[in-house]
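Subject: Structure for your review

Dear colleague,

Please find below the structure I am handing over to you. My findings follow directly after it.

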Amino acid sequence: MALDQNAVGTVPWAIKGELILNCNCTVFCPCVVSLGKHAPTEGYCQAWSGIRIDEGHYGDEDISGLNVGLLLEIPGLMARGNWKAAAYIDERASDAAYEGLVNIFSGAARGTTGLFKVLVSEFLGAERAPVIFETEGKTRRLMVGKAIHGEVVPVAGKDPDQEIVVTNTEYWMGPDITVATATKGRVRAFGRVWDFDGRSAEICQIDWHGPR
């Protein structure tokens, strides 16, 4: 059943799960601690991200167990906007879940991801796709058909049993970000051809909600 698009921005929603991200920064992304006041290490940002939804809903529609893949392009300082974004929605999603997830990740649903509505100047589109998010030990993998093949691992610290975590940040994704690196970061989508093996990556436990 299609959702009432007139209600977008007023529908209660929530997502709990995990997010992984790999970008073209050569070392750990400075946006996490500078909150967009420092440019990415290459002066611009190109990134892919995967979201595993452990628990979630959009209105009355259950979105638990679904996965989402994202592409992001930011031409300079994060806070200056002019982003481009695209979303891949788990092909297992019902029509209502699909519409809800598009509203969430376009920023239309407001709340935690509402900044996308402000910062993204061009939403390249959303597509249904097989979005696979796997965890094997400390390794996380995202596979979105032929569009995204990514794998990230935490950067090793002095104590091999403890991850390196930047804590208590005001980063929009969440306050605690695990420092990671990509062992594979390949994108072939929307005219983009990216290979970010060995570049910066992040792992974050997310607890998002909206519309406030």
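E18 has a relative accessibility of 3% and therefore counts as buried in this predicted model. This residue takes part in a salt bridge with R52, in which the closest N and O atoms are 3.4 Å apart. The two partners come from distant parts of the chain, 34 residues apart: E18 belongs to strand β1 (residues 13-23), and R52 to strand β2 (residues 45-58).

The model contains eleven salt bridges by the rule applied. Another of them pairs K84 with E122, and here the closest N and O atoms are 3.8 Å apart. Because K84 sits in strand β5 (residues 83-90) and E122 in strand β6 (residues 120-129), this pair ties together parts that are 38 residues apart in sequence. K84 has a relative accessible area of 30%, so K84 is partly exposed. E122, at 36% relative accessibility, likewise counts as partly exposed.

R188 and D195 form a further salt bridge, with the closest N and O atoms 3.2 Å apart. R188 is partly exposed, its relative accessible area being 34%. D195 is also partly exposed, with a value of 47%.

Turning to the nonpolar residues, I begin with a general point. In soluble globular proteins, nonpolar side chains tend to be buried together. The largest nonpolar core of this model has 46 residues, and the members that touch the most others are I15, L101, I104 and F105. Helix α2 (residues 95-106) contributes the most to this core, namely six residues.

Which residues does I15 contact, leaving aside its neighbours within four places in sequence? They are I53, E55, G56, I63, L101, I104, F105, I206, D207 and W208.

The cysteines deserve a separate paragraph. How many disulfides does the structure hold? The number is zero. For C31, the closest cysteine sulfur is that of C29, at 3.8 Å, which is too far for a bond because a disulfide requires the sulfur atoms to be within 2.5 Å. C31 counts as buried, at 4% relative accessibility. For C45, the closest cysteine sulfur belongs to C23 and lies 5.0 Å away, again too far for a bond. C45 is buried as well, with a relative accessible area of 10%.

Finally, I would draw your attention to T169, which is located in the loop between β10 (165-166) and β11 (177-189). The T169 side chain reaches the backbone oxygen of G174 at 3.3 Å. When neighbours within four places in sequence are left aside, the contacts of T169 are V32, G174 and P175.

With kind regards

Conventions: Residues numbered from 1 in each chain as written. Predicted model: local features only at pLDDT ≥ 70, side-chain atom pairs only at ≥ 80, totals over all residues. Heavy atoms only, no water. Core = buried A, V, L, I, M, F, W, Y, C linked by side-chain atoms within 4.5 Å. Buried < 20%, exposed > 50% of the residue type's maximum accessible area, 1.4 Å probe, protein only. Helix = DSSP H or I, 4+ residues; strand = E, 2+ residues; numbered from the N terminus. Contact = heavy atoms within 4.5 Å. Polar contact = N/O pair within 3.5 Å; in protein donor to acceptor, adjacent residues only side chain to side chain. Salt bridge = Lys/Arg side-chain N within 4 Å of Asp/Glu carboxyl O.
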